Amino acid sequence: MNIKKICCIGAGYVGGPTMAVIAKQCPHIQVTVVDINENRIAAWNDENLDNLPVFEPGLDEIVKEARGRNLFFSTEVDKAIDEAEMIFISVNTPTKTYGKGKGMAADLKYIELCARQIARVSKQSKIIVEKSTLPVRTASAIKSILDNTGNDVAFQILSNPEFLAEGTAVEDLLSPDRVLIGGDTTPEGEEAIQALADIYANWVPKERILKTNVWSSELSKLTANAFLAQRVSSINAMSEICEKTGADINEVSKAIGMDSRIGSKFLKASVGFGGSCFQKDILNLVYIAKSYGLNEVADYWEQVILMNDHQKQRFSDNIVSTLYNTVSGKKIAFLGWAFKKDTNDTRESAAIKVADNLLNEQAEIAVFDPKVVEERIYADLEYLATRSNEDNRKLLKVIKNPYEVCKNAHAIAVLTEWDEFKTYDWNKIYESMQKPAFIFDGRGVLNKTELENIGFVYYKIGTGK
Ligand code: NAD
């Protein structure tokens with residue numbers, strides 16, 4: 001089967017970059033990305049590439065090359081579904097905030113809406129690709145909706161989870177470690193798997209395209225995120241022991257990372273992981289385990305989240321206790337708000353929780369992030385509903401200049417590992433601050449010796465004083 005037209009429902013952090021790269025690598029395929037969010041689509045179509053809704057290094061160049069040629073962004077969802085032979089579902093699957101499974105299970109309402117819309121509109125058989133991260137066995141729910149509410153056309157459902165990491169999305173998409181495609185083991189299922197594999201084969205070496213049954217594919221994505229997050233929580237757990245014992249977490253990480261069975265990646269201690277996926281996907285895994293009565297399995301994975309929450313809490317507790325047990329009325333400068341460098345995504349960012357804790361202590365926070373816009377920061381705090389929006393705006397200011405942010409501050413908290421922080425004139429910053437001038441480096445990006453020589457009191461996670 002030779003696919004010529006693709007539609008992707010959901011123009012977010014996954015749908016946008018993923019489809020842009022498919023369009024770049026497959027000029028012979030027409031790719032239309034649709035979304036119900038008109039502002040988002042308008043931003044994807046903006047002449048000024050600085051206004052794209054997703055910031056990822058290299059993405060603007062790819063959009064520039066393919067947009068209008070074979071890459072289109074549109075709000076005409078029905079039309080794009082109708083025309084496409086293959087439809088990717090890349091909508092959000094947040095943690096449920098209501099009803100059964102509240103706070104744990106994935107909310108699949110957006111997925112179901114897509115399935116119903118596809119069923120209603122489709123007049124010819126189509127391949128449906130789950131790009132969103134979904135609980136294992138979701139494909140059977142999608143199939144049931146398609147088969148029971150559709151126009152008697154045949155659907156094949158594939159699972160093709162996305163493993164890109166924000167901040168390196170373009171690189172990850174251009175040369176993925178692997179592409180995973182799960183589908184039915186019937187001849188029709190295998191044909192559908194092959195059709196999708198053929199698209200990726202335009203740029204991904206064949207041995208990196210992995211074919212599995214649909215349940216293995218769905219579960220592999222949850223497993224991958226659980227394992228990655230688990231490494232962060234494991235190293236963070238060790239960082240607390242380091243602080244008590246005089247061991248240095250960087251030296252420990254290096255020593256264990258050189259063991260080829262362990263590997264060196266994802267062993268950096270920090271104020272905690274964030275992002276839209278790790279927490280949500282682990283909670284989902286915990287929920288699935290519990291729903292099968294696998295309580296020990298559920299407890300095991302839940303601990304990864306608890307450790308992460310603890311790491312954020314103890315980071316803000318340390319700021320308060322170090323600043324003589326009170327931050328009330330003191331200015332604390334935040335460098336970074338995004339959940340990691342090279343992205344404007346702030347979902348579940350550690351900065352949000354640390355800010356909330358310090359605001360509870362009546363601190364005055366000033367934030368600088370190179371890519372995150374002011375309204376996003378206030379929206380993140382508003383979402384917590386800890387205090388009124390008015391109070392948030394009174395106590396927390398967003399400032400576009402890092403030197404202004406640090407001026408008169410009692411302490412600096414580094415919450416994101418943006419490279420530019422390393423290049424600042426730290427002498428100048430020191431001069432402008434209250435003394436003693438404290439730095440709490442939640443990402444371990446700054447140079448301890450250099451800063452201590454200037455006069456800063458410098459705290460880094462996983463290093464004792
Ligand atoms: P997102 O919130 O950035 O984008 C989702 C988009 O879907 C939104 O723009 C929303 O308006 C749109 N949408 C929702 N319902 C719709 C409908 N019925 N019709 C049309 N559009 C609709 O989310 P995201 O970060 O791109 O994540 C999407 C999925 O991919 C999630 O399941 C996530 O777990 C998974 N994922 C995310 C990442 C990541 O790094 N962000 C990585 C791998 C997988």
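This is a predicted model: local features need pLDDT of at least 70, side-chain atom pairs count only at pLDDT 80 or more; totals for chains, interfaces and linings use all residues.
Me: How far is an oxygen atom of the ligand from an N or O atom in the side chain of D35?

Reply: D35 is among the residues that come nearest to the ligand, a group that also includes R40, T93, E166 and K280. For R40, a side-chain N or O atom is 2.7 Å from a ligand oxygen. For D35, the corresponding distance from a side-chain N or O atom to a ligand oxygen is 2.6 Å.

Me: What percentage of the accessible area of the ligand does the protein cover?

Reply: On its own, the ligand has 840 Å² of accessible area. There are 25 residues around the ligand, and by class this shell has nine nonpolar, nine polar and seven charged residues.

Me: Does α9 pass α11 in a left-handed or a right-handed crossing, and which is the hand?

Reply: Helix α9 (residues 214-245) packs against helix α11 (residues 278-291) at an angle of about 115 degrees, with the axes 9 Å apart. On the α9 side the contact includes L219, L222 and A226, and on the α11 side it includes F278, I282 and L285. By class, this contact has nine nonpolar, two polar and two charged residues. The crossing of α9 past α11 is left-handed.

Me: At roughly what angle do the axes of helix α5 and helix α6 cross?

Reply: The crossing of α5 and α6 is right-handed. Residues of α5 including I111, A115 and I118 meet residues of α6 including I142, I145 and L146; by class, the contact has seven nonpolar, two polar and two charged residues. The axes come within 8 Å, and the crossing angle is roughly 35 degrees.

Me: Which residue is joined to P436 by a cis peptide bond?

Reply: Most peptide bonds are trans. P436 lies in the loop between α17 (426-432) and β13 (438-441). With omega at about -5 degrees, the bond is cis, and the partner of P436 is K435.

Me: What value is phi of R137 near?

Reply: R137 is located in the loop that runs between β5 (126-130) and α6. Most residues other than glycine have a negative phi. R137 is a residue other than glycine, yet its phi is positive, near 90 degrees.

Note on methods:
Residues are numbered from 1 along each chain as its sequence is written. Side-chain values use heavy atoms; hydrogens and water are left out. Axes are lines fitted to C-alpha atoms, for helices over the stretch in contact, and angles run from 0 to 180 degrees between N-to-C directions. Helices (H or I, at least four residues) and strands (E, at least two) are DSSP runs, numbered from the N terminus. A crossing is left-handed if the near helix is turned anticlockwise from the far one by less than a right angle, and right-handed if clockwise. Contact means heavy atoms within 4.5 Å. Ala, Val, Leu, Ile, Met, Phe, Trp, Tyr, Cys and Pro count as nonpolar, Asp, Glu, Lys and Arg as charged, and the others, Gly among them, as polar. A residue is near a molecule or strand if one of its heavy atoms lies within 4 Å of it. A polar contact is a pair of N or O atoms within 3.5 Å; within protein, one must be able to donate a hydrogen and the other to accept it, and residues adjacent in sequence count only if both atoms are side-chain atoms. Accessible areas come from the Shrake-Rupley method with a 1.4 Å probe; for residues, only the protein chains shown count as cover.
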